[in-house]
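Hello,

Here is the structure I promised to pass on. Please open it next to this email, and my notes follow below.

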Amino acid sequence: MKYLILGVLFLLPYSSQAYNQETATYVAERAIEQGVNPALIVAVGICESDLRHKGVWGDNFKAYGIFQFWEKTFNWMSKQSSGSVLDWKSFEDQVDVAIWAFKNGYRSHWTCAKMYKNVTVLTEPAHKHLAMK
């Protein structure tokens with residue numbers, strides 16, 4: 001698993017700021033658990049926030065965190081994914097809700113995801129994680 005994650009991270013686009021390898025690995029592992037392409041979700045996280053979470057605001061202070069969720073969108077998606085409203089400012093909750101959103105056809109909510117429109121969202125067995133259409 002460690003080598004798969006490192007391979008995924010190697011293929012990610014260059015970021016203007018250094019991003020945290022531990023964060024990238026965490027997001028990639030959670031994505032793999034849910035059958036979502038780890039390279040895609042990590043790449044979008046890098047584009048949105050350089051994989052930073054705490055104190056990261058965007059869209060004139062409407063969006064927050066690693067995946068730059070707007071609070072209303074996060075609350076709706078978290079309720080859809082878990083049956084209850086999760087913590088908008090929680091790193092773990094943002095990761096889980098973003099992965100759920102990608103898996104369930106809501107990746108268009110992220111401007112950064114549009115750069116990867118031809119990348120397969122869902123994965124098959126672990127050896128096919130980087131499949132592209």
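Which side chains meet in a salt bridge at 2.5 Å, N to O? They are those of Glu33 and Arg30. Please keep in mind throughout that this is a predicted model.

**Salt bridges**

The structure holds two salt bridges. Glu33 and Arg30 both sit in helix H2, which covers residues 21-34. Three residues separate them, about one turn of the helix. The other bridge brings together the side chains of Arg30 and Asp96, at 2.8 Å from N to O. That pair links distant parts of the chain: Arg30 belongs to helix H2, Asp96 to helix H5, and they are 66 residues apart. Through shared partners, the salt bridges join Arg30, Glu33 and Asp96 into one network.

How accessible are the members? Arg30 has a relative accessible area of 21%, so it counts as partly exposed. Asp96 has 28%, so it is partly exposed as well. As background, side chains of opposite charge can pair when their charged atoms come close.

**Overall layout**

The protein chain has five helices and three strands. From the N terminus on, the order is α-α-α-β-β-β-α-α. The protein chain has 133 residues, and 47% of them are buried. Take the contacts with a separation of 6 or more: residues 24 or more positions apart account for 54% of them.

**Helix H3**

Helix H3 spans residues 38-49, 12 residues in all. From its first C-alpha to its last it reaches 16 Å, close to the 16 Å expected at 1.5 Å a residue. Is H3 largely enclosed or open? Of its 12 residues, 11 are buried, so H3 is largely enclosed by the rest of the structure. The buried residues include Leu40, Ile41, Val42, Val44 and Ile46. Glu48 and Ser49 are also buried.

Now the ends. Asn37 caps the N-terminal end of H3. A side-chain oxygen of Asn37 lies 3.0 Å from the backbone nitrogen of Ala39. Asn37 itself is placed in the loop between H2 and H3. Its relative accessibility is 2%, so Asn37 counts as buried. After H3 comes Asp50, whose phi is positive, near 55°.

**The disulfide**

How many disulfides does a search of the whole structure find? One. Cys47 and Cys112 form it, with their sulfur atoms 2.0 Å apart. The pair links distant parts of the chain: Cys47 lies in helix H3, Cys112 lies in the segment after helix H5 (91-103), and they are 65 residues apart. The torsion about the S-S bond of Cys47 and Cys112 is about -70°, so the disulfide is left-handed.

The two cysteines fall into separate accessibility classes. The cut-off for buried is under 20% relative accessible area. Cys47 is at 34%, so it counts as partly exposed. Cys112 is at 11%, so it counts as buried.

**The sheet and Phe69**

There is an open sheet of three strands, in the order E1-E2-E3, with antiparallel pairing. Its edge strands are E1 (57-58) and E3 (69-70), each pairing on one side only. Strand E2 covers residues 63-64, and two bridges join it to E3. E2 and E3 run antiparallel. As a reminder, strands of a sheet pair through backbone hydrogen bonds, either parallel or antiparallel.

Which residue in E3 is the bridge partner of Tyr64? That is Phe69. Phe69 has a relative accessible area of 3%, so it is buried. Leaving out residues up to four places away in sequence, Phe69 touches several others, including Phe74, Met77, Trp88, Val97, Ala98 and Trp110. Lys62, Ala63, Tyr64 and Gln94 are also among its contacts. Between the C-alpha atoms of Phe69 and Lys89 the separation is 9.2 Å, and the two residues are 20 apart along the chain.

**Where to look**

Start with the network of Arg30, Glu33 and Asp96. Move on to H3, with its Asn37 cap and the Cys47 to Cys112 disulfide. Finish at Phe69 in strand E3.

Best wishes

Key: Residues numbered from 1 in each chain as written. Predicted model: local features only at pLDDT ≥ 70, side-chain atom pairs only at ≥ 80, totals over all residues. Heavy atoms only, no water. Helix = DSSP H or I, 4+ residues; strand = E, 2+ residues; numbered from the N terminus. Expected span 1.5 Å × (residues − 1). Buried < 20%, exposed > 50% of the residue type's maximum accessible area, 1.4 Å probe, protein only. Polar contact = N/O pair within 3.5 Å; in protein donor to acceptor, adjacent residues only side chain to side chain. Disulfide = S-S within 2.5 Å. Salt bridge = Lys/Arg side-chain N within 4 Å of Asp/Glu carboxyl O. Pairing = 2+ DSSP bridges. Contact = heavy atoms within 4.5 Å.
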